Amino acid sequence: MEYVNFIALGCSIAAFALSLIACARIGKFVRATADTDWETLANLTGDIAALKRTCQTLNNRLNGMNKATIPQDQIIQQMIEHQNVEQIRRGG
């Protein structure tokens, strides 16, 4: 039963250490963003929106290249049928 106490003590020490690391990271973030004003934040938001639109446009172009809306065989078959219809109309 004594090992349960040691496991609990180890877990509590690990939790305390992780909370100290989290506090240090939060403090570092606060110091890094201390001089950020609302105008800079608005500019960053606009830049992110422009990048998002660019990525979506690129993805749409790539998806269009990879996937045809009509299969190639069907296009060829329709072209052959169209040629046959024109030959009948011409009387040939």
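What percentage of the 92 residues of the protein chain count as buried? I looked this up before anything else. In this predicted model, 0% of the residues count as buried.

**Entry: confidence.** I noted a mean pLDDT of 85 for the protein chain, with 84% of its residues at 70 or more. I then compared the helices. Confidence is highest in helix α1 (residues 2–32), with a mean of 96, and lowest in helix α3 (residues 72–90), with a mean of 72.

**Entry: elements.** I found three helices and zero strands in the protein chain. Along the sequence, I recorded the pattern α-α-α.

**Entry: helix α1.** I checked the length of α1 against expectation. Its 31 residues, at 1.5 Å a residue, should span 45 Å.

**Entry: surface.** I located a nonpolar surface patch formed by Met1, Tyr3, Val4 and Ile7. Together, these residues have about 480 Å² of accessible area.

**Entry: Met1.** Where does Met1 lie? I placed Met1 in the segment before α1. Its relative accessibility is 76%, and the cut-off for exposed is over 50%, so Met1 counts as exposed.

Technical notes
Residues are numbered from 1 along each chain as its sequence is written. This is a predicted model: local features need pLDDT of at least 70, side-chain atom pairs count only at pLDDT 80 or more; totals for chains, interfaces and linings use all residues. Side-chain values use heavy atoms; hydrogens and water are left out. pLDDT is the predictor's confidence in each residue, from 0 to 100. Helices (H or I, at least four residues) and strands (E, at least two) are DSSP runs, numbered from the N terminus. Buried means under 20% relative accessible area, exposed over 50%, partly exposed in between (1.4 Å probe, protein chains only). Patches are made of residues with over 30% relative accessible area and no salt bridge: like charges are joined within 9 Å, nonpolar side chains (Val, Leu, Ile, Met, Phe, Trp, Tyr) within 5 Å. Accessible areas come from the Shrake-Rupley method with a 1.4 Å probe; for residues, only the protein chains shown count as cover. A salt bridge is a side-chain nitrogen of Lys or Arg within 4 Å of a carboxyl oxygen of Asp or Glu. The expected span of a helix is 1.5 Å times one less than its number of residues.
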